[in-house]
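Trainee: Before we discuss the helix packing, could you show me the model and take me through the terms used to describe it?

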Amino acid sequence: MLKVSARQRQFDALVRVHAGDLYRFAYWLCGEDARAQDLVQETLLRAWRALGSLRDEAAAKPWLLTILRREHARGFERKRFDLSELDDDIADDASGIDPERAGTDAQVRAAILELEPKYREPLLMQVLGGFSCEEIARELHCKPGAVMTQLFRARQKLRAALDGGSAHTKEAVHGLP
Amino acid sequence: MDCLEFRRRLAAEPRVRDPDFVAHRDSCHAGCTEAWWRAQKLERRIENALAVDAPGQLAERVLLAQATQARARTRLWRSGLALAASLVLAASIGIFGWNRTAGADPLPAISVAHLHAESFALASTQPIAEKLVREEFAARGLALHAMPADAVFVRDCDLGSYRTVHMVFRVDGEPVTAMYFIGHEIASAREFDRGGWRGREVPMGKGTLLLLGADARGFAAVERSMGDALQGPARQAVGQL
């Protein structure tokens, strides 16, 4: 009978539990299905080599997302000249989207894609990664107050886009909900 | 918490569950409860839009890539290890044979050759788990009285016909190699210089502890640590009396 090491079992579990979340984060970070899959693979293979440094099970997801962000940043540097086609790729790529939700989600997706990376990344870290403002601030090397402002602006822009560009309703004084 | 602070927090962290935040939401009559519901609705739309399905069998593909990479690395490592082992064996036999002819103590030469063959061990800096150290000694039939302090590397190694446990310690940041030769007893301690290394041999328990370093500064600490581990602190103290 094949003997599987504890390290290998830990890695198997890590992959099966987190591959989906990593893919979603990667997909919205880079905007390409194929590149997102590559990013997930690169991230998990790097995690395998550094598995000894993961001591706390609860820290696994933020740890993996941090690796993924760094892998993406490295790739971003390498593929800087390809980015002009990024948004078109996402707009055309409806793979993985439930057709029944596609109508309403398409509006939101388009609005998310309109966000500048400085707004989109903290939003993804919060919504998909489950990071708190303090954790995002540590990851992005800025102050929690700045992160709150970026998250506020991201939602303000999304709301404005979904409301047809008229966020200045009576209830939305100064952009607040 | 007032309404402005609530709205600011809501705009940045709609899913927050702080008691102050929730208390204001449930008690405010100035529209904050309605604002909270609107924010939750927007948040659901964002979450739904972001929830793309991961491609089927993504996890399996990653595991396959990992297994393939791991096998390739194992093959490479084994090839390298086999080559290194052959070289060490050849060097050891040669040196051992020469030393026997000359009537000299073979341990320093064999140890220095092995240290060079496993020079990667000198780069270890992280403390190793007590369980691992105990297992390596247990594999050689030795039960430790205590965990040797400052150990960063351990492996049971065969040096020619000698059964040893090869360890590396960090003393004031510098590596000190310790090889414990099981069942090989010497009459008394002695210092030596070999291949650019400073060395010391010490009779310890039913074997010999051999230390190698750039200089002898860390030897006393490692000798004490290994003595505590192999013989126990009490026995060492009695021995000193």
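Mentor: Angles between axes under 35 degrees count as roughly parallel, over 145 as roughly antiparallel, 65 to 115 as roughly perpendicular and the rest as oblique. The axes are lines fitted to C-alpha atoms, for helices over the stretch in contact, and the angles run from 0 to 180 degrees between N-to-C directions. This is a predicted model, in which local features need pLDDT of at least 70 and side-chain atom pairs count only at pLDDT 80 or more, while totals for chains, interfaces and linings use all residues. Residues are numbered from 1 along each chain as its sequence is written, and chains are lettered from A and ligands numbered from 1 in the order in which they are written.

Trainee: Why are H7(A) and H8(A) called roughly perpendicular to each other?

Mentor: The axes of H7(A) (residues 133-140) and H8(A) (residues 144-162) cross at roughly 105° and come within 8 Å, so the pair counts as roughly perpendicular.

Trainee: Which residues of H7(A) and H8(A) meet?

Mentor: Cys133(A), Glu134(A), Ile136(A), Ala137(A) and Leu140(A) in H7(A) meet Pro144(A), Val147(A) and Met148(A) in H8(A), where contact requires C-beta atoms, placed from the backbone, to lie within 7 Å.

Trainee: Why are H6(A) and H7(A) called oblique to each other?

Mentor: The axes of H6(A) (residues 117-127) and H7(A) come within 10 Å and cross at roughly 135°, and therefore H6(A) and H7(A) are oblique to each other. Their contact is made by Pro122(A), Met125(A) and Gln126(A) of H6(A) with Ile136(A), Glu139(A) and Leu140(A) of H7(A).

Trainee: How many residues of chain B are in contact with chain A?

Mentor: In chain B, 29 residues are in contact with 36 residues of chain A, and H3(B) gives the most to that side of chain B, with 10 residues.

How values were computed: Contact = placed C-beta atoms within 7 Å. Helix = DSSP H or I, 4+ residues; strand = E, 2+ residues; numbered from the N terminus.
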